[in-house]
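Trainee: Could you walk me through how to read a model like this one? I'd like the general idea, then the case at hand.

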Amino acid sequence: MRCDRLWRGARIATLAPDRPGLGVIENGVVGSRNGRIVLVADECSEVECQADETIECEGRWITPGLIDCHTHLVHGGDRAAEFEQRLAGVSYEAIARAGGGIVSTMRATRAASEDELVAAAARRLDALIGEGVTTVEVKSGYGLNAASELTSLRAARRLERERPVSVTTTYLGAHALPPEFAGDKDSYIDSVIALLPQIADEGLADAVDAFCEGIAFSPAQVARVFAAAKGLGLPVKLHADQLSNLHGAALAASFGALSADHLEYTDAAGAAAMAKAGTVAVLLPGAFYFIRETKLPPVDLFRQHGTRIALATDCNPGTSPLTSLLLTLNMGATLFRLTVEECLAGVTREAARALGRLDEVGTIEVGKYCDLAIWDIERPAELVYRMGFNPLHARVWRGQ
């Protein structure tokens, strides 16, 4: 067998589903050719690989490249002033109803050019890349009109051309009601749906998202968007049950959604529906922490029903200005009491599942893209345990 590159002398957490736990190979080798994995084995096996380049890992750990499966990297401005308001006791909902929140970011996003949006998002993306992230999801949702939503999606697509990273894009037109619709949510939903054919034709989005909440859109309005998206062959995902239980998790599951995200108020029926549909529960501890929530997502219900769990930064300007997936791991453990295995699977295998990309990334298996993170650690638990410390030794994207 010929390899372009061979990594040897590594402890490998493959996250392969047919291996127990983290799928560990204690003395392993990984080989790549043309950006794909062609060899994963114990170094003592009889498999041989002639490599153009061999990298000695000297006992370091290799995991799949990390995946941030829920971000809002593309936006204009920031909301530091609102942060001060919340410190003074004003609720997120009150700020939103007063014209702040998502709508304030909308104004800054509409005023920004595509180049400006790309430049700002790239700085946030660089922080994630520096921690071993090789795949990232990027949502629109701050333009809230046709022109700006298209610009945001094009900016998100450009990030993949300007950085060595895989980008999955999501159309989140149903994020908030822009002021020009003056309370007419149904008419705004009409405009969100009207843009879907162009987005599909131009290949600007890999999925369609919505925010199902009292301060956003009703289950019936979300269902209209989802039906239109599915009719165009676009998968869906949902911001669900964050501030109240509108049964968003069950709604997402009824459309076979890739994921439902946030989920603090999800009930047993919602957890069971997600498990049955294969809809991943994406937990976002950065937002929980930043807006000082007290209602924990029902992790025990997800475990009980077999609902898959992923973790993500939810990087956004208002409720989770977080650009560290490593810190997200620690938050998932300390705030939500996830295990080390659940945390690491949540930013690799299950995050890939939440993006519909598990056939390409998320585990170290033959045939998948050779996206790796190589760590100066003694055990995988260090990636979850430490705060403010980055033990990344090397990052590999598509075998390079």
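Trainee: How many helices and strands does the protein chain have?

Mentor: Helices (H or I, at least four residues) and strands (E, at least two) are DSSP runs, numbered from the N terminus. Here the protein chain has 15 helices and 15 strands. With a radius of gyration of 21 Å, close to the 21 Å from the globule rule for 400 residues, the chain is as compact as a globular protein of that length. That radius is taken over C-alpha atoms, and the rule is 2.2 Å times the number of residues to the power 0.38.

One caution: this is a predicted model, where local features need pLDDT of at least 70 and side-chain atom pairs count only at pLDDT 80 or more, while totals for chains, interfaces and linings use all residues. Residues are numbered from 1 along each chain as its sequence is written, and side-chain values use heavy atoms, with hydrogens and water left out.

Trainee: What does the C-alpha trace span along its principal axes?

Mentor: About 70 × 40 × 40 Å for the protein chain.

Trainee: What share of the residues is buried?

Mentor: Buried means under 20% relative accessible area, exposed over 50%, and partly exposed in between (1.4 Å probe, protein chains only). Buried residues come to 57% of the 400 in this chain.

Trainee: And how should I read contacts?

Mentor: A contact means heavy atoms within 4.5 Å. Of the contacts in the protein chain with a separation of 6 or more, 71% are between residues 24 or more positions apart.

Trainee: Which strand is joined to S3, and how do the two run?

Mentor: Two strands pair if DSSP finds at least two bridges between them. Strand S2 (residues 24-33) is joined to S3 by six bridges, and the two run antiparallel. Val30 stands opposite Val40 in S3. Two residues lie between the strands of this hairpin, and Asn34 there takes a positive phi near 55°.

Trainee: Why is S3 largely enclosed?

Mentor: Five of the seven residues of S3 (residues 36-42) are buried, so the rest of the structure largely encloses the strand.

Trainee: Is Ser148 buried or exposed?

Mentor: Buried, because its relative accessibility is 8%. Ser148 sits in helix H5 (residues 146-162). Leaving out residues up to four places away in sequence, Ser148 touches Thr109, Arg110 and Gly143.

Trainee: Where is Thr168 found, and which residues does Thr168 touch?

Mentor: Thr168 is in strand S8 (residues 166-174) and counts as buried at 5% relative accessibility. With residues up to four places away in sequence not counted, Thr168 touches Val136, Glu137, Val138, Asp206, Leu355 and Arg357.
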